[in-house]
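Hi everyone, thanks for coming. Please have a look at the structure on the screen, and then I'll walk you through a few of its residues.

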Amino acid sequence: MNIQSPFSAGLQGYQRAADSVTDASLNISRANVNTLANESQARPEVNPDQFVDASKKTMTDNLVQLKEAESQAQANVKTIKTADDMLGTLIDIRV
């Protein structure tokens, strides 16, 4: 049975959280660019109650993804700190 070190697990988790932040940020910036491009074109009359604007849903999903990534990063930083504290305690023990 292969047990991964806490340092390695924490670093991998933190990297996944950073990648998630990057993806969500890119999607948000793309949505903003698309919104600006769409506003510059003539828009036909539509009833706003007919449908939910997909760009707003996407923006909300990306903002939720950013918040989730923040929580994941914080949890992984705590894992790394705990592993560091444990290692420090083990080194301080005299045999």
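**Charged pairs along a helix**

Let's start in helix H2, which covers residues 54-92: lysine 67 and glutamate 70 sit three residues apart there, so about one helical turn separates them. Helices here are DSSP runs of H or I with at least four residues, and they are numbered from the N terminus.

Before going further, a word on where this comes from. This is a predicted model, in which local features need pLDDT of at least 70 and side-chain atom pairs count only at pLDDT 80 or more, while totals for chains, interfaces and linings use all residues. Residues are numbered from 1 along each chain as its sequence is written, and side-chain values use heavy atoms, with hydrogens and water left out.

Back to our pair. Side chains of opposite charge can pair when their charged atoms come close. Lysine 67 and glutamate 70 form a salt bridge, with 3.1 Å between the closest N and O atoms. By salt bridge I mean a side-chain nitrogen of Lys or Arg within 4 Å of a carboxyl oxygen of Asp or Glu.

How many salt bridges does a search of the whole structure find? The search gives two. In the other pair I'd like to show you, aspartate 85 meets lysine 81, at 3.4 Å from N to O. Aspartate 85 and lysine 81 are both in helix H2, four residues apart, which is about one turn of the helix.

Are these side chains buried or exposed? Lysine 81 counts as exposed, because its relative accessibility is 53%. Aspartate 85, at 40%, is partly exposed, and glutamate 70 is partly exposed too, at 35%. The cut-offs are under 20% relative accessible area for buried, over 50% for exposed, and partly exposed in between, using a 1.4 Å probe and protein chains only.

Now let's move to helix H1, residues 6-40, where we find tyrosine 14. What does tyrosine 14 touch, leaving aside residues up to four places away in sequence? The answer is Ala73, Asn76 and Val77, where contact means heavy atoms within 4.5 Å. Tyrosine 14 and isoleucine 80 are 66 residues apart along the chain, yet their C-alpha atoms are separated by 9.4 Å. At 41% relative accessibility, tyrosine 14 is partly exposed.

Serine 5 belongs to the segment before H1. A polar atom of the serine 5 side chain lies 3.1 Å from the backbone nitrogen of serine 8.

Terms used
Helices (H or I, at least four residues) and strands (E, at least two) are DSSP runs, numbered from the N terminus. A polar contact is a pair of N or O atoms within 3.5 Å; within protein, one must be able to donate a hydrogen and the other to accept it, and residues adjacent in sequence count only if both atoms are side-chain atoms.
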